Amino acid sequence: MSEKKSSFLIPVIGTTLILAGGIAAYIYLKGSTDSSSPLGNAKLVPQTALMATYINTNPESWHKLQQFGTPEAQKLVTKGLQDFNQQIWNDNNISYEDIKPWVGGVMIAVLPPDEKKTPPPQKTTNYLGSPSAPNILLVVGIKDKIAALEFANKLKVAQKITAKESDYKGEKIIETKGQGQPQYTTILNNDHLLLTSNRQTVEKAIDTYKGEPSFANKEGAYDILSKGVDIKNSLAQIYVPDYANMVQKLNSQSQQLPPQALTQIKQVKSLVAGVGVDDVGLRLKTTVNLDPQLNKFEYQTTPAKIVGQFPSETFALASGQGISKSWQTFVQQSQDYPELNQVIQQARTQLKIAQIDLDKDIFGWMNGEFGLGAVRSNQGLLANVGFGGAIVLDTSDRKTAEATLAKLDNLAKQQSLNVANKNIGGKNITEWQIPLQGSLVSHGWLDNDTVFIALGGPIAETLANRQGTALDETDTFKTVTNSLQKPNGGYFYLDMEKTTAIIKRLSAQSQPLTPDTTAILTSMRGLGVTVNSPSKSKTEMEMLFSLKPSQGK
């Protein structure tokens, strides 16, 4: 190669190498690592952590929320986030807007309180921990190291903040103090920023980074961290790998809990919960891992046919299956609680006076599907409150049910109530009437296997001679429940528009609702909850807050 060519190529090659190195460095600094995953953040959390919450900072998921709610409700949510931001950063002139450009995900871990004796709790606005509270560790993933560096430089020169650096096992700890408690920050491997108000906590986190056991490899944690819950546009997920240990550590009176209470707590091995936003609203899912040897509850799925017995004016409903089996389980478990067992025995004794067997005559025949609903009504005795209630039950033992209702009718007569029969819609209905005021309680059969007991005569008439739309045919019920998991063990349902009207009516008689409460309630279409248990070792709960679209959408 000629000298002329070499004199030209050398600087070109050198410049190319410099540019390549610069590009590589930029890619490294801008690149994302395991910092944006729950499992990645959990590897820096000490194994002693009791639980952890991972907040997804993906703006698309959070922007999805803006499609819902009234302007007033959206302002409340924004203000709540701002207040939380101010408290969690301890008034150190740091805002979420400062960290948003470089944050790749935030894990909030709860560690046990310090074992040393501490003074009584004092009111504090610091969410990162205090000498008398559990220690809180924030693990912040860094997705943009350049922006993080700019933030660190800004922090050093920020007014009203004093910073002091120290070394622990080769890692730099920055102690900053603004108007509140000192906070300790360290950056590990340029991938994560750790923040806490307890120096021992940050030192333990550094020990974890250096090889000590982490929350990620805690027994039961890896599985729930790696799987989480399947939910769209996840906003946050909560991980509790050892539920019983968490309860004992966080409960200052845990040493005084009786052994039977601890046994109940130990039924739950671990749990994971997540909240996300989809086209219907906010959705919460929880998976609870149970000890099948300790779990005595016998789960039963429901056909949900009982919902069709309720009218469209029903604004609240709880449904399920097999009250009789649930009662048997409850009685069995009450043997371990003397006070509770005593209450059951007293109830049995009182009912025996009226020749009623609590176990057989009250609960024994309730072996089918059931629904307990609140129904709007402005007639009769219900005119002042605006609603009544009813329980509808399927049974395979009509004979026992009829005998029990007859005994209850006799009791009503002894209380100076008029007991009269009435035909409504071709069905024979029995009413307990208060003289000169109207029907208080009614009961009757909707078909051969379905009986109802209603509070208020108008409710009985609506159930027995329902002519309008059934609850399960209404748009609100369909919107709130159709996307919930099936099969399931029943529903808890609220029509928020109807419920809000009742609440406003009742609160107007004492203390009207605040504008903030009204804004939240009027932003919701309904609430639906259901539970599924695929095995004795797992229970899944799903809750949907169905939200109204924001204006203009």
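Arg-398 and Glu-402 both belong to helix H14 (residues 398-414), where they stand 4 residues apart, about one turn of the helix; helices (H or I, at least four residues) and strands (E, at least two) are DSSP runs, numbered from the N terminus. The two residues form a salt bridge, that is, a side-chain nitrogen of Lys or Arg within 4 Å of a carboxyl oxygen of Asp or Glu. Arg-398 is partly exposed at 27% relative accessibility, and Glu-402 is likewise partly exposed at 35%, where buried means under 20% relative accessible area, exposed over 50%, and partly exposed in between (1.4 Å probe, protein chains only).

This is a predicted model, in which local features need pLDDT of at least 70 and side-chain atom pairs count only at pLDDT 80 or more, while totals for chains, interfaces and linings use all residues. Residues are numbered from 1 along each chain as its sequence is written, and side-chain values use heavy atoms, with hydrogens and water left out.

| Pair | Closest N to O distance |
|---|---|
| Arg-398 and Glu-402 | 2.9 Å |
| Arg-199 and Glu-203 | 2.9 Å |

Arg-199 and Glu-203 both lie in helix H7 (residues 199-209), 4 residues apart; Arg-199 is partly exposed at 26% relative accessibility, whereas Glu-203 counts as buried at 19%.

Lys-164 counts as exposed, at 53% relative accessibility.
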